[in-house]
Amino acid sequence: MLAILRDLIRYNLEFRIGLFLVSIVVVMAALSVVSPYPAGDVYVVPPDLPPSTAHWLGTTSRGQDVFWQLTAAIRNTLFFGIMVAALSRVIALVVGLLAGYSGGWIDRVLMSINDTFIIIPLFPILILFYFVLRDSMSTPLLATIMACLGWAYDARLIRSVALSLKTREFTQTSIFSGMKTHEILAREHLPYVLPIVFSTTMNNMNWSIGIEVTLAVLGFTDINTPTIGGMIYWANQHTALVAGIWWWIAFPIGLVVMTFVGLFLLAVSMNEYIDPRSRLARMGGGR
Amino acid sequence: MNAYLAYFAKRLVQFVVVVFIGVNLAFVITHASPIDPVEQSIAAVTSFGSTAPEAIAAMRSSLQELYGLKGTVAEQYVTFWSRVLRGDFGPSLSAFPTPVSSLIGRALPWTAGLLIVSTLITWVLGNLLGGLAGYYQRNRTLKLMGVVAMGVHPIPYYIVALMLLIIFGFLWPVLPITGGSAMNLQQGWNWPFVSSVARHSILPALSLILIGLGSWFLGMRSLVSNIVTEDYVVYAETAGLDSRRVLGSYVMRNALAPQVTGLAMSLGGIFNGAVITEKVFGYPGVGTLLVDAVYAGDYGLVLGVTTVSIIAVSVGVLVIDLLYPLIDPRVELR
């Protein structure tokens, strides 16, 4: 594990940049613990102050310090992404491994459902969910809904690996030694798909954070929990751009863009590491 | 020929499955919710003053009929499907008495136009540049493009649209930032209207293109850089074929097939992006219609737009799937 990390840092510029960006974001999120103001409170500082030494990133029209507000917002946004990614990984793993290993009609049925979830436009469905749930739409509920909708693409990737594992000799050995299907999947096949699971986690987090930001900006989530999208929502409500309070919008956007680019670079560099051909090319062998 | 028929039949079945699951999803979501849309609409009306109990009862019964919420769940399910199949979602409450279907019919051409044009530009440009970048790996400009693509691609649609809005709305106001065309023009095939539509669509299209470009570029580049090491490419190069011909007919042609499949698979995501982008730029398509319907609490319209979006995207995927054999004739062997 550590050796892989060392290799990635040494040979992969994308990984270094991604790690750097994500570290900044994580440090910001961790700072929310020492915030002098509770994140939900308004009018704790003078409103509409531009960035200064007292308030590094300025203050909002709701009397919040942008810096401390941002720490709480990015923490909640990251937690949301991790929650969705973790839940949808479980679904993707079960469906992908089962479909790839079983084959036959189980595979066909599962992949048919899978392709449906890839094709269907999820955003209108999420809006429909918000429309019927209204104020009962809490953050954990939204995370669960998104996890139930956002596993399909990764399940397909996992299935393609599982398909090739099925024909390997050790699978036959396990079957002959009397292991049950779920034991083979969990003990024998799971370790082989874990690298893909790691890299898809980053992309899935990007996807879910992106949708959460969008829903929040439109006011379709629990807007009283500070998130990055929630900050932009309130800034829009107070027409911050027209009023010239640019720091209220610019800093959340900057931080969330760092999150997206950082996570994406980590995913890309991990993918490249998984593929031995491109790994060798980078280390100076091959073409 | 039989293999083609089998292929088309398989795609058609998948299309039916997608529409079936999608429409059922819409039914389950709206009917399993703890909140009754009928009571909500009544509450919205009665909050303005006192209403006679008989009037409320009459309203309840007609709203239930309007929303297809009369009878048992099984009856409602049948009503729902017959409405979907007839394309009749009742009148819109926020634009009463205009039918939901005509509101959607008015918005759909805008979205379809924006989506088709920007997706085609994105796909062709992204694949062309990505293919070049994978083939000419030492070219500085193409390398730089790869870096830019990696930086822009992961940003969600909303954020890019908002950034374009800030740049062209506040910092350098040269382009119209809201609406689908200038208000004072006769709609139709005349030059002032068409040019106004084109000008208004630049920013929404640009934000869709900027984001989409990266994924095709990066995907094509890695496909091509794997193909160039294949024996048949090395052979063609050694035989002294023109490098443009090697790239065009030997490398890109083979890399194109997975990218067409990729287009079919990402159509739903592109549609999501269009919905959001439309709202940011106030573009009069189904995205704006959907979000405004939620704000207005218009049950029939929200349900109608969601259902139509699911069907429209599935049709788009089906069309791409049916065109696929033109790109990759090996379908017979699959």
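# Questions on a predicted two-chain model

Visitor: Why is A:Leu13 called exposed?

Guide: In this predicted model, A:Leu13 has 12 other C-beta atoms within 10 Å, and because a residue counts as exposed at 12 or fewer, A:Leu13 is exposed. Its place is in helix α2 (residues 13-31) of chain A, and its C-alpha atom is separated by 26 Å from that of A:Asp154, which lies 141 residues apart from it along the chain.

Visitor: Which residues of α7(A) are buried?

Guide: A:Asp154 is one of them, together with A:Ala152, A:Ala155, A:Arg156, A:Ile158, A:Arg159 and A:Ala162. What covers the buried residues of α7(A) includes α3, α4 (104-119) and α9 (181-217) of chain A.

Visitor: How do you know what span to expect for helix α7 (residues 152-166) of chain A?

Guide: The expected span is 1.5 Å times one less than the number of residues; this helix has 15 residues, for which 21 Å is expected, and the reach from its first C-alpha to its last is 21 Å, close to that expectation.

Visitor: What makes B:Leu290 stand out in the largest nonpolar core?

Guide: That core has 161 residues, and B:Leu290 and B:Val302 are those with the most contacts inside it. The largest share of the core, 17 residues, comes from helix α3 (residues 66-102) of chain A. Leaving aside residues up to four places away in sequence, B:Leu290 touches A:Pro124 and A:Ile127 in chain A, and B:Val275, B:Val302 and B:Val305 in chain B.

Visitor: What makes up the side of chain B that touches chain A, by class?

Guide: In the contact between the chains, 42 residues of chain B meet 37 residues of chain A. The side belonging to chain B has 29 nonpolar, 12 polar and 1 charged residues, and α1(B) gives the most to it, with 9 residues. Other elements giving two or more residues include α10 (243-281), α11 (286-296) and α12 (299-327) of chain B.

Visitor: How do α5(B) and α10(B) pack, and what is the handedness of their crossing?

Guide: Helix α5 (residues 100-135) of chain B packs with α10(B) at an angle of about 145°, the axes being 9 Å apart, and the crossing is right-handed. Among the residues that make the contact are B:Leu114, B:Leu115 and B:Trp123 of α5(B), and B:Val251, B:Leu263 and B:Phe271 of α10(B). By class, the residues of this contact divide into 12 nonpolar, 5 polar and 1 charged.

Technical notes. Residues numbered from 1 in each chain as written. Chains lettered and ligands numbered in written order. Predicted model: local features only at pLDDT ≥ 70, side-chain atom pairs only at ≥ 80, totals over all residues. Core = buried A, V, L, I, M, F, W, Y, C linked by C-beta atoms within 7 Å. Buried ≥ 20, exposed ≤ 12 C-beta atoms within 10 Å, placed from the backbone. Helix = DSSP H or I, 4+ residues; strand = E, 2+ residues; numbered from the N terminus. Contact = placed C-beta atoms within 7 Å. Nonpolar A, V, L, I, M, F, W, Y, C, P; charged D, E, K, R; others polar. Axes fitted to C-alpha atoms, helices over the stretch in contact; angles between N-to-C directions. Left-handed = near helix turned anticlockwise from the far one by under 90°.
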